[in-house]
Amino acid sequence: MKIALIAHDKKKTDLVQFVLAYKPIFEDHELFATGTTGLRVQEASGLNVHRFQSGPLGGDQEIGALIAKNDMDLVIFFRDPLTAQPHEPDITALIRLCDVYSIPLATNMGTAEILVRGLERGDLHWREVIENEE
Ligand SMILES: O=C(CO)COP(=O)(O)O
């Protein structure tokens with residue numbers, strides 16, 4: 001499965017810890033991330049992460065483009081709900097595309113935990129069925 005990892009600055013440490021906690025699951029999948037988040041995850045976990053631009057420079061839009069091409073299976077996006085972001089429209093657009101294409105999206109650790117455990121259990125198998133139909 002292709003998994004996108006994104007975190008705003010005040011949530012990056014949480015995301016890194018989350019990835020470390022579930023590293024045995026994440027290492028079986030293909031990881032993508034916005035620039036700075038990807039670097040932090042790579043450095044802390046040693047996992048291979050395909051990095052896009054930093055969020056404010058278009059990284060959210062690059063991940064959105066993959067979603068629009070049905071080329072992303074799961075998005076974990078630890079948003080900071082208490083800090084204004086200069087690229088708020090890009091963030092809204094990314095979340096909107098997840099809804100347009102029914103891509104599982106976690107915007108906080110509580111939901112991310114359920115999604116990652118579901119991923120391990122095979123709950124996202126339907127994504128492979130859809131990909132094979134194309
Ligand atoms: O701003 C972001 C998502 O909206 C994240 O970007 P970085 O991972 O480059 O900090």
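**View A. Residues annotated as a binding site.** The "binding site" annotation of the unreviewed UniProt entry covers His8, Lys12, Thr34, Gly35, Thr36, Thr37, Ser54, Gly55 and His87; such annotations may be inferred rather than shown by experiment. The model is predicted: local features need pLDDT of at least 70, side-chain atom pairs count only at pLDDT 80 or more, and totals for chains, interfaces and linings use all residues. Residues are numbered from 1 along each chain as its sequence is written.

**View B. Shell around the ligand.** The residues around the ligand (C-beta atom, placed from the backbone, within 6 Å of it) include Ile6, His8, Asp60 and Ile91. Three are nonpolar, eight polar and one charged; Gly counts as polar, and Asp as charged. The largest share, three residues, comes from α3. Helices α3 (35–45) and α4 (59–68) each supply at least two residues, helices being DSSP runs (H or I) of at least four residues.

**View C. Surroundings of Lys12.** Lys12 is placed in helix α1. Leaving aside neighbours within four places in sequence, Lys12 is in contact (C-beta atoms, placed from the backbone, within 7 Å) with Ala7, Thr37 and Arg40.

**View D. Surroundings of Ser54.** The loop between β3 (49–51) and α4 holds Ser54; strands are DSSP runs (E) of at least two residues. Ser54 has 16 C-beta neighbours inside 10 Å and therefore counts as partly exposed. Beyond residues up to four places away in sequence, Ser54 touches Thr34, Gly35, Thr36 and Gly59.

Notes. Two residues are in contact if their C-beta atoms, placed from the backbone, lie within 7 Å. A residue is buried if 20 or more other C-beta atoms lie within 10 Å of its own, exposed if 12 or fewer, and partly exposed in between; C-beta atoms are placed from the backbone.
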